[in-house]
Amino acid sequence: MHESNPLTPAPEPSKEARQWAMICHFAAALGFIFPFGNLIGPLIVWQIKKDQDAFIDEQGKEALNFQLTACIAAIVCIILMLVLIGFVLMGLLCIGTLVLTIIAGIKAGEGRPYRYPFCLRLVK
């Protein structure tokens, strides 16, 4: 009986899988065009392409979960704007979200899975 070695690396994703995984992350830029575009973009790409490759499925879920987390944090920031600290926090949130999304997209394009820090994993 053949046992798989847990230390053997997973096969590298194909070029097409890497591109679609990267697009899942970068689709969040739709949030700059219309409200909740940061959620709708990754959701649509992930739903269309998730069955083509496990890497796309994994990174699509990761992108969607991060954007959901960012939306929840933005709602908290909006509430905290009543006591002014929310304005500062919203600025930090926007910068952090942009930077982490770019990093995730680049890593996915290289074929390396990326896990966002501080992310609620609501979509399994």
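**Figure 1. The segment after α4 (85-109) is the place of F118.** In this predicted model, F118 has a phi near 55°, which is a positive value in a residue other than glycine. That is worth a second look, because most residues other than glycine have a negative phi. The relative accessible area of F118 is 77%, so this residue is exposed.

**Figure 2. A loop residue with positive phi: F36, between α1 and α2.** Here we move to the loop that joins α1 and α2, where F36 is found. Its phi lies near 60°, again positive in a residue that is not glycine. Is F36 buried or exposed? With a relative accessibility of 54%, and with exposed meaning over 50%, F36 counts as exposed.

**Figure 3. Helix α2 and the residues it buries.** Helix α2 covers residues 37-49. Its 13 residues reach 18 Å from the first C-alpha to the last, close to the 18 Å expected at 1.5 Å a residue. Please look for the buried residues of this helix: G37, N38, L39, G41, P42, V45, W46 and K49. What covers them? The cover includes α1 (15-26) and α3.

**Figure 4. Helices α2 and α3 packed against each other.** Helix α3 takes in residues 54-80, and its axis runs 9 Å from that of α2. The angle between the two helices is about 160°; angles over 145 degrees count as roughly antiparallel, and α2 and α3 are therefore roughly antiparallel to each other. Their crossing is left-handed.

**Figure 5. Side by side: the residues where α2 meets α3.** From α2 come N38, L39, P42, L43, W46 and K49. Facing them in α3 are I56, D57, G60, K61, A63, L64, Q67, L68 and C71. Several names return from the previous views: N38, L39, P42, W46 and K49 are among the buried residues of α2.

Figure 6. Which residues does G60 touch, once its neighbours within four places in sequence are left aside? They are C24 and W46. W46 belongs to α2 and is itself buried. G60 has a relative accessible area of 0%, and buried means under 20%, so G60 is buried.

Notes: Residues numbered from 1 in each chain as written. Predicted model: local features only at pLDDT ≥ 70, side-chain atom pairs only at ≥ 80, totals over all residues. Heavy atoms only, no water. Axes fitted to C-alpha atoms, helices over the stretch in contact; angles between N-to-C directions. Helix = DSSP H or I, 4+ residues; strand = E, 2+ residues; numbered from the N terminus. Parallel < 35°, antiparallel > 145°, perpendicular 65-115°, else oblique. Left-handed = near helix turned anticlockwise from the far one by under 90°. Contact = heavy atoms within 4.5 Å. Buried < 20%, exposed > 50% of the residue type's maximum accessible area, 1.4 Å probe, protein only. Expected span 1.5 Å × (residues − 1).
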